[in-house]
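This briefing is for a reader who is new to the structure. Please look at the sequence and the model first, then read the points below.

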Amino acid sequence: MSVIANNAAVKNAQAFEPLIVAFCCNWCSYAGADLAGTSRLNYPANIKIIRVPCSCRVNANFVLRAFQRGADGVIIAGCHPGDCHYMTGNYYTRRRFSLLKNLLAYVGIEEARFKVDWISASEGNKFADVMNGVLEKVHKLGPNRKLRDSRWRR
Amino acid sequence: MEKIKEEIRQIAREALTGKKVDIILAWEKGPLWYDSYPAFFTKEEEVDSLTWDSFCINNLSKYLLEETMADKKVGVFVKGCDALAFNQMMQDNRIRRDNVVVYGLPCPGMIDPDKVRAKRLNRGLTEVKQSGDELIFVTKDGEITVPAHEVYYDKCLYCHYPNPVVYDQLIGEKVAAETALDRSERFSQVEALEALSAEERFAYWDSQFSKCMRCFACRNVCPACSCERCTFDDDDLDILGKAREDSEDQFFHLIRAYHVVGRCIDCGECSRVCPQDIPLEKLNRKLIKDINALYGEYQAGLDPSTKAPLVTYQLEDADSFTAGEKGGKGT
Ligand code: SF4
Ligand code: SF4
């Protein structure tokens, strides 16, 4: 690495503001985010929430695309198994993303960058915890380069 | 195999003349020693060029897609792995069973031309004969006998289902189903990768994926990749661009592997046809291994009446992300 590039990297690391994309199910986790907000719990502004009707609406493309176009971490949050608004959606989520999580780790994506969790509408605290937890870990890892489209600019 | 070949030809002729089928789908010998490629036969006299030898690696089941769509009656010959593929396509509702007559061929194993070349057995090669567990390579300079497992495809050495699991008529005797290599061994390369660090794994896969030229041969040959319209072909969806860009290669590979999860029969066709020698089986088998570990042993294509692992669930399923606690009620 050249000196200039090295300096730029140091600068980058100092100014590093992770970008986290969180897919939240409308019925539980999005309401959980609401509750976290109304309870004035702190969760960072770097988390971009995308509301989905159900956690099983998220497919693998969404996760990869998020990494491709700038995310340093991706979160999928849905209702606890058994509480799905559509009865069974999150049971499928559980299988699908258990496999995707392992697959991403297998091709070398740091595990902390992708998180799936169950957050109910009443768990404002958990919502803030999960978001802060991922943010903290991703911050330590630094900016994500893997899967990133080289044409992407912040 | 010689004897079986005659039998196959006879069956094909009778099926065509008796109007039992409109088309016979089998193999034909090409100009090169390792060429036994898929061929369609519609007339009795064409059947003379039909072949069955140790190079009939191509899976014919995939061709049933378009053919059955055209409302034709097709007779198809299937080896063990092709039968799994057939079943998988049945499970995915991509074959109309009434339109197909399946002739099952117990398979002794197929020869990997690369292994033949590595042994330099291809020089002046005119014919390969099978006798028991040995293969006789008839060359211009005489005959060379080698143990069959030394030149068979790796996948054949792991094969558990050399006898077709589905057929209307079985041709010849069933072969022994014991494998030359321990079947769990097929995950050893996956385990070796798992043991590396994230950085090493990324470096490995990045170097593999970036070789890809997105010819889509791996998709086209795959019996589990049978969608009428592939998401990668649909420009309107803006799923995949055309740029030579590493992230797009990575995207393609992860989605390809993920789309066949739970439906991949581990036939190895994708890695076989890849012109860039990308070890796609290491992705497929990782997913198979994880399904087996998380949701119980599953072999795609064994029974089309069951549900693939990703289109079903159990209330008490494990997951890979909540560290032991399963979450939810009643678990
Ligand atoms: S066959 Fe190989 S080169 Fe072609 S698209 Fe598949 S992985 Fe890429
Ligand atoms: S091994 Fe490859 S070609 Fe065969 S079913 Fe699996 S993904 Fe498809």
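Does Lys129(B) count as buried, partly exposed or exposed? At 35% relative accessibility, Lys129(B) counts as partly exposed. The model is a predicted one.

**Interface of chain B and chain A**

- Chain B brings 47 residues to the contact, and chain A brings 38 residues.
- The two chains bury about 3,900 Å² between them, with 59% of that area on carbon and sulfur atoms.
- On the side of chain B, the residues that lose the most area to chain A are Tyr258(B), Tyr313(B) and Phe321(B), which together make up 19% of what that side buries.
- There are 3 salt bridges between chain B and chain A.
- A salt bridge joins Glu248(B) to Arg151(A), with the closest N and O atoms 3.1 Å apart.
- Polar contacts across the interface of chain B and chain A come to 18 residue pairs, counting pairs with both residues at pLDDT 80 or more.
- Four helices of chain B each supply at least two residues of the side that touches chain A: H6 (188-194), H7 (198-209), H9 (246-259) and H11 (281-295).
- H11(B) gives the most to that side, with 8 residues.
- By type, the residues on the side of chain B that touches chain A are 25 nonpolar, 8 polar and 14 charged.

**Strand S1 of chain A**

- S1(A) pairs with strand S2 (residues 47-52) of chain A in the parallel sense, over 6 bridges.
- Within this pairing, Ala22(A) stands opposite Ile49(A) in S2(A).

- Asn59(B) sits in the loop between strand S3 (50-51) and helix H2 (64-69) of chain B.
- Asn59(B) has a relative accessible area of 6%, so it is buried, the cut-off being under 20%.
- A polar atom of the Asn59(B) side chain lies 2.8 Å from the backbone nitrogen of Ser61(B).
- Leaving out residues up to four places away in sequence, Asn59(B) touches Lys79(B), Asp82(B), Ala85(B), Pro223(B) and Glu269(B).
- Lys79(B) and Asp82(B) also meet each other in a salt bridge, at 3.0 Å from N to O.
- Lys79(B) is buried at a relative accessible area of 1%, and Asp82(B) is buried at 0% relative accessibility.

**Other salt bridges**

- Over all chains, the whole structure holds 35 salt bridges.
- Side chains of opposite charge can pair when their charged atoms come close.
- Asp154(B) and Lys115(B) form a salt bridge at 2.8 Å, N to O.
- This pair links distant parts of the chain: Asp154(B) is in helix H5 (residues 154-158) of chain B and Lys115(B) is in helix H4 (residues 113-118) of chain B, 39 residues apart.
- Asp154(B) counts as partly exposed, at 43% relative accessibility.
- Glu143(B) and Lys129(B) form a salt bridge at 3.9 Å, N to O.
- In that pair, Glu143(B) belongs to strand S8 (residues 142-147) of chain B and Lys129(B) to strand S6 (residues 125-131) of chain B, 14 residues apart.
- Glu143(B) is exposed, with a relative accessible area of 52%.
- One network of salt bridges that share partners joins Asp149(A), Arg151(A), Arg214(B), Arg244(B), Glu248(B) and Asp249(B).

**Residues with positive phi**

- Most residues other than glycine have a negative phi.
- Arg40(A) is not a glycine, yet it has a positive phi of about 60°.
- Arg40(A) lies in the loop between helix H2 (29-38) and S2 of chain A, and it counts as exposed at 76% relative accessibility.
- Arg214(B), also a residue other than glycine, has a positive phi near 50°.
- Arg214(B) lies in the loop between H7 and helix H8 (217-221) of chain B, and it counts as buried at 14% relative accessibility.

Technical notes
Residues are numbered from 1 along each chain as its sequence is written. Chains are lettered from A and ligands numbered from 1 in the order in which they are written. This is a predicted model: local features need pLDDT of at least 70, side-chain atom pairs count only at pLDDT 80 or more; totals for chains, interfaces and linings use all residues. Side-chain values use heavy atoms; hydrogens and water are left out. Contact means heavy atoms within 4.5 Å. Buried area is the accessible area (1.4 Å probe) that two parts lose on being put together, summed over both. A salt bridge is a side-chain nitrogen of Lys or Arg within 4 Å of a carboxyl oxygen of Asp or Glu. A polar contact is a pair of N or O atoms within 3.5 Å; within protein, one must be able to donate a hydrogen and the other to accept it, and residues adjacent in sequence count only if both atoms are side-chain atoms. Ala, Val, Leu, Ile, Met, Phe, Trp, Tyr, Cys and Pro count as nonpolar, Asp, Glu, Lys and Arg as charged, and the others, Gly among them, as polar. Two strands pair if DSSP finds at least two bridges between them. Buried means under 20% relative accessible area, exposed over 50%, partly exposed in between (1.4 Å probe, protein chains only).
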